[in-house]
Amino acid sequence: MTYPLEFMGCIACAAGLPYSLNTLDMRTSSQMEADQLAFTLGVSSLAALPVASVGWAAMGLRPVVTGFGLGAGFDGVGQVVGGKEYRPAQTLVAGVTGGLAYPLAGGALMNTLLGGVVGGANTSVNNYVYSEDRDVVRAVGVGALAGGFGTAFGQGVSGLAASVLPYRIGASVIDPNKALLLQNIGTVNPYPAYIGEAAGNAVSGGLPILFERIGGDGK
């Protein structure tokens with residue numbers, strides 16, 4: 001239910017929010033309290049992310065931009081695959097949480113924790129913005145599974161690539177007239193790590209989409 005008089009222009013619509021900001025809230029007081037609690041818990045989980053702000057400053061913006069692109073990209077793909085109406089605000093939330101979490105990525109345990117935090121935060125914020133009731137606990141579990149399994153899968157792919165590709169690249173032919181320390185032995189091949197990282201990101205971003213398709217709307 002909306003008031004009959006509305007502005008012709010809508011800045012909120014650009015962020016995927018409802019057209020009218022003058023809506024009548026039909027929820028009961030208990031529903032309002034439950035929704036506010038879920039939103040507070042989800043947003044408070046983001047407090048775990050800025051702990052490494054000093055590290056982010058040292059690393060620069062590249063990992064933040066990479067994380068934003070991965071989060072927003074996979075969310076956009078998931079919405080398109082799901083066949084539902086595209087929601088820009090949901091993609092923005094996924095990009096922001098991805099950008100905050102990506103610089104903290106590390107081993108399987110860390111990525112499992114980060115995946116759970118990001119999954120829970122995304123679902124909680126989207127529940128509040130779009131007045132939904134998706135299962136936050138399920139989102140935390142799916143995110144944690146995606147983060148841990150994606151890391152393990154990426155490490156396995158990286159090891160397999162390392163066993164096939166040369167260990168060093170860019171080396172010159174050995175010159176018997178030069179000392180060993182003066183020989184150009186090349187550099188360690190970085191491509192196995194790149195391949196493993198790409199495979200891990202694909203699995204981490206793809207698993208939530210798969211679970212979304214299997215579980216429907218996640219309620």
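This report describes the overall fold and a nonpolar surface patch of a predicted model.

## Overall architecture

The chain contains 8 helices and 2 strands. In sequence order, these elements follow the pattern α-α-α-α-α-α-α-β-β-α. Helix H7 covers residues 136–164, and helix H8 covers residues 191–215.

## Burial, surface and contacts

The chain has 219 residues, of which 31% count as buried. Its accessible surface amounts to about 13,600 Å². Carbon and sulfur atoms account for 70% of that surface.

Contacts were also classified by sequence separation. Among those between residues at least 6 apart in sequence, 62% join residues that are at least 24 apart.

## Nonpolar surface patch

A nonpolar patch on the surface is formed by Leu160, Val164, Leu165, Tyr191, Tyr194 and Ile195. Together, these residues present about 610 Å² of accessible area.

Two helices, H7 and H8, each supply at least two residues of the patch. The largest share, 3 residues, comes from H8.

## Ile195 within the patch

Ile195 is found in helix H8 and is one of the residues that form the nonpolar patch. Its relative accessibility is 39%, so Ile195 counts as partly exposed: the value lies between the 20% limit for buried residues and the 50% limit for exposed ones. Ile195 also meets the accessibility criterion for patch membership, because that criterion requires over 30% relative accessible area and the residue has 39%.

Key. Residues are numbered from 1 along each chain as its sequence is written. This is a predicted model: local features need pLDDT of at least 70, side-chain atom pairs count only at pLDDT 80 or more; totals for chains, interfaces and linings use all residues. Side-chain values use heavy atoms; hydrogens and water are left out. Patches are made of residues with over 30% relative accessible area and no salt bridge: like charges are joined within 9 Å, nonpolar side chains (Val, Leu, Ile, Met, Phe, Trp, Tyr) within 5 Å. Accessible areas come from the Shrake-Rupley method with a 1.4 Å probe; for residues, only the protein chains shown count as cover. A salt bridge is a side-chain nitrogen of Lys or Arg within 4 Å of a carboxyl oxygen of Asp or Glu. Helices (H or I, at least four residues) and strands (E, at least two) are DSSP runs, numbered from the N terminus. Buried means under 20% relative accessible area, exposed over 50%, partly exposed in between (1.4 Å probe, protein chains only). Contact means heavy atoms within 4.5 Å.
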